[in-house]
Amino acid sequence: MVLLLSLKGVHFLLTYRCDLECDHCFVWGSPKAEGVFTLKQIRNILVEAKKLGTVDYVAIEGGEPFLYYPIMVKTAEEAAKLGFRLEILSNCYWATNPEDAIEWLKPLARVEDVQLSVSSDFYHGDEWATNEAKNAIKAAKELNLKVGINTVKYPTTDMPSPPEEMEGVKIGALWEIMYRGRAATKLVEKANKKLWREFTKCPYENFEKQGRVHVDPLGYVHVCQGISIGNAWQKPFSEIIEEYNPHGNPILEPLILGGPVALVEKFNLPHDEVYVDACHLCYVARVILRNKYPDILVPDQMYGEFE
Ligand code: SF4
């Protein structure tokens with residue numbers, strides 16, 4: 001059954017490694033996390049994505065993609081050559097001052113149709129607008145490089161107005177925390193919770209009309225981080241996409257029919273009475289199911305098992 005004709009975006013998790021270890025990170029990014037793409041693997045996915053004919057953009061994220069700078073730049077150049085629009089996500093640890101940040105960004109500013117999306121919020125620094133984010137934005141503006149901000153709402157603090165350096169920059173994503181990955185262990189204790197029975201819908205993914213997938217350095221193709229529909233090092237990426245059938249997938253089918261509640265009920269899983277959000281219940285259920293579905297609920301990195 002071919003259902004992924006709606007696929008528009010391929011997100012490269014270029015690496016699981018990050019210089020930071022944020023509490024809200026749903027891919028468990030960490031200096032200790034392992035796994036990075038080779039250029040050969042990236043070229044393989046880009047060519048396969050092109051074959052599909054529906055993909056129009058590529059995102060490069062992590063972990064922190066600037067940790068593997070030459071590979072990231074080459075990925076951007078090769079994706080642009082194939083006609084993909086590009087987004088690169090970074091916490092901007094490298095933007096120690098605006099002048100030096102220009103040097104980091106110059107090679108990207110030469111690539112066609114790139115947007116730098118800056119992660120900046122109370123989880124990445126002591127202030128909503130981190131100094132590094134401000135420096136990167138100033139440099140991007142100077143280079144006429146498209147720039148946006150991705151930020152996560154902090155539950156106890158209102159969003160302050162942006163500082164001068166960030167004025168006029170679009171906030172591309174203003175996320176609620178998704179309580180999966182590290183957030184499901186570090187942030188749930190103090191968060192408000194609801195009865196588990198309320199989480200009858202996946203709030204973020206439409207598995208029957210999947211618009212994007214994430215591919216990681218181990219080859220796994222994720223429809224939500226930690227739910228793999230195949231391994232691109234074992235089968236061509238385009239075939240994984242063309243053969244995708246969420247209703248034949250033991251994890252996705254209940255999620256489609258009744259959200260995380262249906263997943264828990266299908267497998268008769270033990271559970272608490274209350275959870276913070278749908279992702280929290282879903283993630284906890286998936287952790288229990290990992291032994292039963294070792295090819296789907298992968299890799300260890302997505303479940304913090306390197307820690
Ligand atoms: S409910 Fe589950 S499948 Fe849906 S976005 Fe949250 S973690 Fe992913």
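Helices (H or I, at least four residues) and strands (E, at least two) are DSSP runs, numbered from the N terminus. Pro 299 lies in the segment after one of them, helix α8. A cis peptide bond joins Val 298 to Pro 299, with omega about -10°. Residues are numbered from 1 along each chain as its sequence is written. This is a predicted model: local features need pLDDT of at least 70, side-chain atom pairs count only at pLDDT 80 or more, and totals for chains, interfaces and linings use all residues.

Gly 63 sits in the loop between β2 (57-61) and α2 (69-81).

Now take helix α4, residues 131-142. The expected span of a helix is 1.5 Å times one less than its number of residues. Next comes burial. A residue is buried if 20 or more other C-beta atoms lie within 10 Å of its own, exposed if 12 or fewer, and partly exposed in between; C-beta atoms are placed from the backbone. In α4, 9 of the 12 residues are buried, so the helix is largely enclosed by the rest of the structure. Among them are Glu 132, Lys 134, Asn 135, Ile 137 and Lys 138. The cover over the buried residues of α4 includes α3 (98-109), β4 (114-119) and β5 (146-152). Contact here means that the C-beta atoms of two residues, placed from the backbone, lie within 7 Å. After α4 comes Asn 144, whose phi is positive, near 60°.

Two of the covering elements also pair with each other. Two strands pair if DSSP finds at least two bridges between them. β4 and β5 pair in the parallel sense over 5 bridges. Gln 115 has Lys 146 in β5 as its bridge partner. β5 is mostly covered, with 5 of its 7 residues buried. Strand β4 also holds Ser 117. Ser 117 is buried, with 20 other C-beta atoms within 10 Å. From Ser 117 to Ala 285 is 168 residues in sequence and 32 Å in space, C-alpha to C-alpha.

Asp 113 is found in the loop between α3 and β4. Its phi is near 55°, a positive value in a residue other than glycine. Asp 113 has 14 C-beta neighbours inside 10 Å, so it counts as partly exposed. Asn 268 also has a positive phi, about 55°, although it is not a glycine. Asn 268 is placed in the loop between α7 and β11 (274-275). With 7 C-beta neighbours inside 10 Å, Asn 268 counts as exposed.

What lies inside? A nonpolar core is a set of buried Ala, Val, Leu, Ile, Met, Phe, Trp, Tyr and Cys residues joined through C-beta atoms within 7 Å. The largest one has 91 residues, and Phe 12, Ala 76, Ile 88, Leu 116 and Ala 136 touch the most other members. Helix α8 gives the most to this core, with 7 residues. Ala 76 touches Ile 60, Leu 86, Ile 88, Leu 108, Val 111 and Val 114, not counting residues up to four places away in sequence. In soluble globular proteins, nonpolar side chains tend to be buried together.

A hairpin comes next. Strand β9 (residues 220-224) and β10 run antiparallel, joined by 3 bridges. Tyr 220 stands opposite Asn 231 in β10. The hairpin has 2 residues between the strands, and Gly 226 there takes a positive phi near 95°. In strand β10 (residues 227-231), 4 of the 5 residues are buried, so β10 is largely enclosed by the rest of the structure.

A residue is near a molecule if its C-beta atom, placed from the backbone, lies within 6 Å of it. The residues surrounding the ligand include Arg 180, Glu 205, Cys 202, Cys 224, Cys 279 and Cys 282. α7 (252-266) and α8 (278-289) are the elements that give two or more residues to this shell. The largest share, 4 residues, comes from α8. By type, the shell has 9 nonpolar residues, no polar and 2 charged. Here Ala, Val, Leu, Ile, Met, Phe, Trp, Tyr, Cys and Pro count as nonpolar, Asp, Glu, Lys and Arg as charged, and the others, Gly among them, as polar.
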